[in-house]
Every structure is written in C-alpha cells, then in structure tokens.
Amino acid sequence: MKIAVLTGAGISAESGLATFRGAGGLWEGYRFEDVASPQALAENPELVHRFYDMRRKAAREAEPNAAHQALAALEREHEVTIVTQNVDDLHERAGSRNVLHLHGELMKARPLKGGEAIPWRDDLPPGLGYRPHVVFFGEEVPSMGDATLVVMEADLLLVVGTSLQVYPAAGLVGVALRRGKRVVLVDPNPPPEPPQRVWVIAEPATTGVARFIAEELA
Ligand code: OAD
C-alpha cells in the first residue's frame, strides 16, 4: 500500500521535544515574530540564532520514540513517504528513508545570500553568513508541491501529532479527503470537530501509531 504520513511536533513530544501550541508549548515562551520571521533575522539575529541553537541542542539530545520507529519499520511492507512539519531529524534517525521536510531541517544551515544548505549540528553563530535552514513565517514552503503529489498518489493519509493550524501543510488533509482517500488522525487532543470520514485515534503517538498499524494494516 502507498502510505503518506503527515507528522507534526506531537510525534516528537514523547521524545522530550516541545510542541508549539498549548500549555508549555514553544509559542508560550516566544512570539514567532521575534524568533521565526525574516524580519527578526534581519533585526535581531542573536535571538533568532539562540532560539534555533536551543532547539538544535534539544533535538541532538533526543532519541526517536516508538512512533518514529514503527513508521520506519512500515517501509518493510509498504511504500511510505513521511511529510513532516518537524525540523528535527528523528524520523531519519529511526530509519525512515523517504522524509520530506516541509519546514526545513535544524541540522542544516544555508548561506544568507542563497545557495545550497550544508550539514550543521552545532551552535550556529550569527555573523558567519549562514542562517538556519528552516522556513520562517511568511516564507514559501518549497516542498509543498512535492508533498501534495505524495498525498495525491497515496492510498491512505496518516496524520500524527499536528494541530493542523498552519497552512499550507494543514491543507494536505483536504487534498486527501477531496480525492476520497482514507484519512487517519492520531492525536491525544484531536480537533473538536474533525472532518467527517476521518478515523480519529485519540491517543499519544506511540500507542496511536501502533493501534493504526494493528487495526488498519493487519
Ligand atoms: P502544534 O504544537 O501546533 O500541535 C502539536 C499537536 O500535537 C497538538 O495537536 C497536540 O495535541 C499533539 N500532541 C501532543 N502530544 C502528543 C503526543 N504525545 N502524541 C501525538 N500528538 C501529540 O505543532 P504542529 O502542528 O507541528 O512551523 O505545528 C505546525 C507548525 O507550527 C510547526 O511546524 C511550526 C509551528 O509554528 C514553523 O515554525 C514554520
């Protein structure tokens, strides 16, 4: 089966990485305009770099959890593509080979003047001429076309750990539903009124993904 998986911060929550929204979320301690916007990078690069240094360190120290691992193992029997909004590398470290990062990658940096991203695992000092290889608010999402194709060509869309509040990523659910695809959503706090025809598994990623595999793919 061709399976497209859309993941968000919630899949890495059980690895100890903070989500964005809700109590204790990153956007409670920071305004995204101050740390994740082109204007912030121009006006206060120290704060922007410190924010991503902190997140890079947390990601370096985190380990993939059972949900990342179960999705990687699915590749043995199915054609799986992961479309993630996450900038951490936990899907890759769990062994997933087809991972499309919609919002960029923490472990890469790219020249401010444009050009190829390069691997970067340590703190990234401002002043080097490089910026984190992440998508800021207001910037384009370069992989959106590829992600839309992945969903259009899949038999099923599994959505794990995203509040579906940020577009264009959230629009992928509509892409799947409009084409009559099966959509399954794993989230311990799912939206109060999920679209009809969505199977909601209201559990954390580790047990919810396992339930999906046991009940849908058995
Ligand atoms: P959010 O923080 O908006 O949503 C996280 C979701 O994960 C919520 O629906 C939680 O209920 C759910 N969740 C929490 N714990 C979970 C667990 N153990 N298992 C499964 N789900 C769990 O994060 P995203 O939807 O990823 O963009 O946010 C989307 C984008 O907004 C991010 O990529 C980022 C942010 O601003 C940029 O920085 C461009």
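A pocket is an open set of grid points with protein on both sides within 12 Å along at least five of seven lines. In the predicted model described here, the second largest pocket has a volume of about 250 Å³. Its lining is made up of 15 residues, and H101, G104, H133, P142 and S143 are the ones nearest the centre of this pocket. Three strands, β3 (99–101), β4 (104–111) and β6 (130–134), each give two or more residues to the lining of the second largest pocket. By residue class, this lining divides into 6 nonpolar, 4 polar and 5 charged residues.

The largest pocket holds about 1,000 Å³ of space. A total of 50 residues line the largest pocket, and A9, T19, F20, R21 and N86 lie nearest its centre. Two helices, α1 (26–29) and α4 (45–61), each supply at least two residues of this lining. Of the elements, α4 gives the most to the lining of the largest pocket, with 5 residues.

The analysis then turned to the interior. In soluble globular proteins, nonpolar side chains tend to be buried together. In this model, the largest nonpolar core comprises 24 residues, and those with the most contacts inside this core are L102, L157, V159, L172 and V183. Both strands and helices contribute: β1 (2–7), α7 (144–153), β7 (156–160), α8 (171–178) and β8 (182–186) each give two or more residues to the core. The element that gives the most to this core is α8, with 5 residues.

The surroundings of V183 were examined individually. When neighbours within four places in sequence are left aside, V183 is in contact with L157, V159, V173, A176 and L177, and also with R197, V198 and W199.

Salt bridges were searched for over the whole structure, and 13 were found. In one of them, E139 and R131 are paired through their side chains, with an N to O distance of 2.9 Å. The two partners fall into separate accessibility classes. R131 has a relative accessible area of 6% and therefore counts as buried, because the cut-off for buried is under 20%. E139, at 24%, is partly exposed.

Another salt bridge joins E105 and K108, whose closest N and O atoms are 3.1 Å apart. K108 has a relative accessible area of 29%, so this residue is classed as partly exposed.

A further salt bridge links E215 with R211, with 3.0 Å between the closest N and O atoms. Both residues belong to helix α9 (residues 205–216), where they are 4 residues apart, or about one turn of the helix. The relative accessibility of R211 is 35%, so R211 counts as partly exposed. Salt bridges also connect a group of residues, with E63, D89, R93 and R121 linked in a network.

Key: Residues are numbered from 1 along each chain as its sequence is written. This is a predicted model: local features need pLDDT of at least 70, side-chain atom pairs count only at pLDDT 80 or more; totals for chains, interfaces and linings use all residues. Side-chain values use heavy atoms; hydrogens and water are left out. On a 1 Å grid over the protein atoms alone, a cavity is a set of points where a 1.4 Å probe fits but cannot get out, and a pocket is an open set with protein on both sides within 12 Å along at least five of seven lines; lining residues have an atom within 4 Å of a point. Grid points are joined across faces, edges and corners, and a volume is the space filled by probe spheres set on the points. Ala, Val, Leu, Ile, Met, Phe, Trp, Tyr, Cys and Pro count as nonpolar, Asp, Glu, Lys and Arg as charged, and the others, Gly among them, as polar. A nonpolar core is a set of buried Ala, Val, Leu, Ile, Met, Phe, Trp, Tyr and Cys residues joined through side-chain atoms within 4.5 Å. Buried means under 20% relative accessible area, exposed over 50%, partly exposed in between (1.4 Å probe, protein chains only). Contact means heavy atoms within 4.5 Å. A salt bridge is a side-chain nitrogen of Lys or Arg within 4 Å of a carboxyl oxygen of Asp or Glu.
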